[in-house]
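Me: I am new to this structure and would like to know what stands behind the words used for it. Could you take me through them?

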Amino acid sequence: MNARSPFDGPTTPLAQPLGGVVRYDVELVAVGKSYDGALAVDQISLRIPRASYCCLLGPSGCGKSTTLRMIAGHEPVSSGDILIGDRNVTDAPPSARGTSMMFQNYALFPHMTAVDNVAYSLKVRGAGKVERRGRAREFLDLVKMSDFADRLPAQLSGGQQQRVALARALITRPKVLLLDEPLSALDPFLRDHMRGELKRLQRDLGISFVHVTHSQDEAMALADLVVVMEAGHIRQAGPARDIFERPRTAFVARFIGGHNIVGTPGGRVAVRVDRCRLGSAGDQPSLSGRVCNVEYLGPAVRVSVAAGDGVDAAALISDEVFFAAPVDIGQTVAVVWSENDARALSD
């Protein structure tokens with residue numbers, strides 16, 4: 001951790017286990033959530049290692065935001081246990097969990113300056129004005145917003161508002177920072193920039209971030225641990241590279257993207273589109289069909305093929321290879337791959 005970090009100084013540490021060190025910042029043990037009999041999260045178990053960046057990834061309604069709110073204490077669990085460090089916080093109020101949450105809409109007070117927004121939680125805890133504003137300025141400096149300390153939210157851009165909200169979430173020195181789709185309101189350029197800033201902060205502060213997103217690119221770029229959810233279940237969890245290169249199910253392969261799902265005599269397999277090429281119907285293994293779309297992506301060209309019976313496939317090939325032998329929409333081609341690049345799926 002940077003020696004000048006505002007996280008330095010006295011804190012209230014979580015209890016340490018006898019004879020060892022806490023290995024996980026967050027642990028979910030068979031956690032479930034139901035609403036009037038409708039299951040939102042189904043007995044999930046998950047361990048988030050210390051000082052790691054975890055992304056809960058999945059489509060709308062998969063249970064990822066409900067899981068985040070249960071970790072925060074804003075949503076009671078229906079079953080199971082939640083541990084922060086080695087402390088069971090299942091029934092603890094949000095203020096006693098060692099977590100802090102950054103909401104999707106930032107929820108800044110419009111009548112307060114940036115510095116007063118950041119200082120607000122310390123005001124609630126009884127800190128004096130000089131102390132809390134001094135600490136707030138430290139955290140504004142951490143997120144590179146010192147020059148905007150006296151501006152109102154309406155005088156800030158979306159990215160600047162996000163930084164203020166981030167400083168406000170961090171000023172309580174949480175053990176775990178929870179982020180509910182924090183980049184969704186930003187334009188693509190700013191989203192990419194803030195992605196780098198979030199990772200920098202997580203690394204420099206040495207605390208765990210748990211980040212809910214439906215963006216595959218966001219999760220792949222940020223996370224040490226990607227947790228793919230569907231219908232209240234965790235379908236796969238692991239490092240981003242493992243998830244991408246070795247998806248276990250067709251859902252994971254499709255949702256992560258960049259894969260063809262193909263049926264074979266031995267069952268369905270996933271093949272990365274960048275490991276595919278265009279060939280002829282006689283090549284094996286292959287999938288033949290008509291070109292239905294050609295997308296120029298700069299360094300690469302994505303050729304999509306409709307093979308009939310609702311089966312589609314694509315090949316992502318370099319621009320040099322494509323333009324040496326271009327194909328047109330409507331042309332019959334085969335998408336070809338190596339057997340070594342096919343990953344068997346469990347469903």
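Reply: Happy to! Let's start with a term: buried means under 20% relative accessible area, exposed over 50%, and partly exposed in between, with a 1.4 Å probe and protein chains only. This is a predicted model, in which local features need pLDDT of at least 70, side-chain atom pairs count only at pLDDT 80 or more, and totals for chains, interfaces and linings use all residues. Residues are numbered from 1 along each chain as its sequence is written, and side-chain values use heavy atoms, with hydrogens and water left out.

Me: Why is Tyr24 called buried?

Reply: Its relative accessible area is 18%, and the limit for buried is under 20%, so Tyr24 counts as buried. Tyr24 belongs to strand β1; strands are DSSP runs of E with at least two residues, helices are runs of H or I with at least four, and both are numbered from the N terminus.

Me: What does Tyr24 touch?

Reply: Leaving aside residues up to four places away in sequence, Tyr24 touches Arg47, Ile48, Pro49, Arg50 and Gly85. Contact here means heavy atoms within 4.5 Å. The C-alpha atoms of Tyr24 and Arg50 are separated by 4.9 Å, with the two residues 26 apart along the chain.

Me: How do you know that β1 and β2 pair?

Reply: Two strands pair if DSSP finds at least two bridges between them. Strand β1 (residues 24-35) and β2 have eight bridges, in the antiparallel sense, and Glu27 stands opposite Arg47 in β2. The open sheet they belong to has four strands in the order β2-β1-β4-β5, with antiparallel pairing.

Me: What makes β2 and β5 edge strands?

Reply: β2 (38-49) and β5 (87-88) each have a single partner strand, so one side of each is left without a neighbour in the sheet. Helix α1 (residues 64-72) packs on this sheet and touches β1, β2 and β4 (79-84).

Me: Why are α2 and α3 called oblique to each other?

Reply: Helix α2 (residues 114-124) and α3 pack at an angle of about 120°, with axes 8 Å apart. Axes are lines fitted to C-alpha atoms, for helices over the stretch in contact, and angles run from 0 to 180 degrees between N-to-C directions. Angles under 35 degrees count as roughly parallel, over 145 as roughly antiparallel, 65 to 115 as roughly perpendicular and the rest as oblique. The pair α2 and α3 is therefore oblique.

Me: What is the angle between α3 and α4?

Reply: Helix α3 (residues 129-142) and helix α4 (residues 158-170) pack at about 130°, with their axes 9 Å apart. That value makes α3 oblique to α4 as well.

Me: Which residues meet where α3 packs on α4?

Reply: Phe139, Leu140 and Leu142 in α3 meet Val164, Ala167 and Leu170 in α4. By class, this contact has six nonpolar, no polar and no charged residues. Ala, Val, Leu, Ile, Met, Phe, Trp, Tyr, Cys and Pro count as nonpolar, Asp, Glu, Lys and Arg as charged, and the others, Gly among them, as polar.
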